[in-house]
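This briefing is intended for a reader with the sequence and the model at hand. Please consult both while reading the points below.

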Amino acid sequence: MKRRDFLKNTAVFVAGASVSVAALDFIDPKELLAANPELKWGFLVDTYKCVGCGFCVKACKTESDIPFEANVTRTWVERYVIKRDGDVVMDCPKGARDGYTTKLLDENRSGMVEVPDEEIAQAFFVPKLCNHCTTPACVQVCPVGATYQTADGVVLVDWTWCIGCGYCIMGCPYGVRFFHPVERVADKCTFCYHRISKGGNTACAQACPFGARQIGNLKDPNDPVAQAIMTQRVGILRDEYGTKPNVYYIGLNKEVR
Amino acid sequence: MKNHVWRPLFVVIVIVIGILVFRAFYVPSDFGVQERGYTFGYHRLSNEQEWKDYPAKHKGNDYCNECHDDKIEELESAQHGIIPCENCHGAAFDHPNDPEKLTIDRSRGLCLRCHAELIMPSSGRNDIPGIDPVEHNKGEECSECHNPHNPSLEDM
C-alpha cells in the first residue's frame with residue numbers, strides 16, 4: 001500500500017467511525033424536557049392507590065442520606081381511620097418508614113388505640129411531602145437567602161449558607177421541614193432534583209409499587225400528571241394559607257389536615 | 001465640628017467600611033436575585049447545580065435488567081412484578097462495584113408492610129390478601145414457605 005493511500009484510508013475510517021459514534025449518542029426526550037424552560041414540576045398523589053407500605057419513606061431516607069433511626073423524614077405516610085360516629089383517629093408512627101403492620105393506632109401519649117372493625121366507616125392512607133408551593137412561606141422568612149425556589153418551581157436549601165435558625169421550619173404550614181441531625185441545617189424534600197433534572201423519577205415514586213405517587217411537568221399539556229390535574233377531581237392541602245401548593249391529591253377528605 | 005464628634009464618627013466609618021470589605025470577599029459572586037425574584041429567588045445560583053449533582057442511590061429496574069434480565073422476566077409474570085427490585089434487595093448504589101453484593105431484606109416485617117390485614121375501606125390496602133401477623137405462623141420468615149418472586153399459592 002502506498003503512503004498516500006494509507007493516509008487517505010485512515011482519514012476515511014476516522015471520519016466514518018466518528019459519525020457512527022455521534023449517531024449512537026441520541027438525546028433522551030425526557031432529558032430534553034428537563035432542560036426546557038417551559039417547565040414547572042408538580043406532583044400527584046392518588047390516595048386510593050396508597051396501601052401504606054411505606055416503601056417510599058424507606059427509599060427517600062436512603063436516597064437523601066437521612067439517618068434511618070432519626071425521627072425525621074422528608075416524606076411520610078399518614079393513616080386516617082374515620083369511625084361511624086364521625087370521630088377521626090390518625091397516626092403516623094416514625095413517618096411510616098416500616099409501613100403499617102398492625103391495626104393498633106399509635107396515639108402517642110394516649111398509647112395504642114384499637115378501633116373495632118365494625119366501627120370503621122372510612123380508612124385510608126395519605127402520603128405527604130413538600131408541596132413546593134408557588135408562593136412558599138418558608139422561603140419568604142429565610143433571613144440569609146439560604147432557601148429559594150428555582151425557575152422550574154422546586155424549593156431547595158443551600159446547606160452551605162443555612163445558619164440553622166429554624167424560621168423556615170416554623171414558617172411551613174405543612175410541617176415538611178426539619179432540622180437535619182447530621183448536617184445541622186434545615187432540610188426538606190427536593191422533589192429528587194438530582195434525579196428529575198436528569199430525566200429520572202423521584203425515589204419515592206419509583207419505589208411505589210402501586211403508582212400512588214407521580215411527578216410531572218405541569219406546563220406540558222400532554223404530561224399524564226398535568227392531564228390528571230386538569231381532568232380529574234383533585235384537591236390540595238391547606239388552600240387557606242395561600243401558598244398555592246403544587247402537590248395534588250386524588251381522593252382528599254376534609255378530615256385530612 | 002468638635003473633636004469629640006469626629007473621633008467616634010471616624011470609628012463608625014471604619015467599622016462600616018470593614019464590614020463592606022468583608023462582605024465583598026465573603027459573599028460569592030453568583031449570590032443574588034435570580035429568576036423567582038427577591039422574595040423567592042434570592043440565593044447562590046451555583047447551589048442549584050450542586051443539588052443536581054447529588055449522587056443517586058436508587059438506579060431503577062432498567063439498571064437491574066442490564067445483567068439480571070432472567071430474574072426480571074421471571075418476576076414480571078408474577079403478582080409481585082409491580083414491586084421494584086430495590087424495595088427488597090436494597091438500593092443499588094454503584095453495584096456491582098460498590099457494594100459487590102446487595103443485602104436482601106428477607107424479614108417478616110418487609111412482607112407485612114402490605115400483607116398485614118387491615119380494615120381499610122376506601123384504600124387499595126383492602127384488595128391485598130392479608131394475614132393476621134399474630135396468628136399466622138408467628139416468628140417465622142415468610143420466605144420459608146412463600147417464594148417472593150412467585151407468591152402464587154397454587155404453585156407453592
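This is a predicted model: local features need pLDDT of at least 70, side-chain atom pairs count only at pLDDT 80 or more; totals for chains, interfaces and linings use all residues.

Residues are numbered from 1 along each chain as its sequence is written, while chains are lettered from A and ligands numbered from 1 in the order in which they are written.

**Contact between chains A and B**
- Chain A contributes 44 residues to the contact and chain B contributes 38 residues, where two residues are in contact if their C-beta atoms, placed from the backbone, lie within 7 Å.
- On the side of chain A that touches chain B, the elements giving two or more residues include α3 (55-63), β6 (120-128) and α7 (203-207) of chain A; helices (H or I, at least four residues) and strands (E, at least two) are DSSP runs, numbered from the N terminus.
- The largest share of this side, 5 residues, is supplied by β6(A).
- Its residues comprise 22 nonpolar (Ala, Val, Leu, Ile, Met, Phe, Trp, Tyr, Cys and Pro), 15 polar (the others, Gly among them) and 7 charged (Asp, Glu, Lys and Arg).

**Sheet in chain A**
- Three strands of chain A form an open sheet with the order β3-β2-β6 and antiparallel pairing; two strands pair if DSSP finds at least two bridges between them.
- Because β3 (88-91) and β6 of chain A each have a single partner strand, they stand at the edges, and one side of each is left without a neighbour in the sheet.
- Strand β2 (residues 76-83) of chain A pairs with β3(A) over 4 bridges in the antiparallel sense.
- A:V89 in β3(A) is the bridge partner of A:V81.

**Domains of chain B**
- Chain B is assigned domain 1 (1-31) and domain 2 (61-144), with bounds from an automatic or database domain assignment.
- The centres of domain 1 and domain 2 of chain B, taken over C-alpha atoms, are separated by 63 Å.
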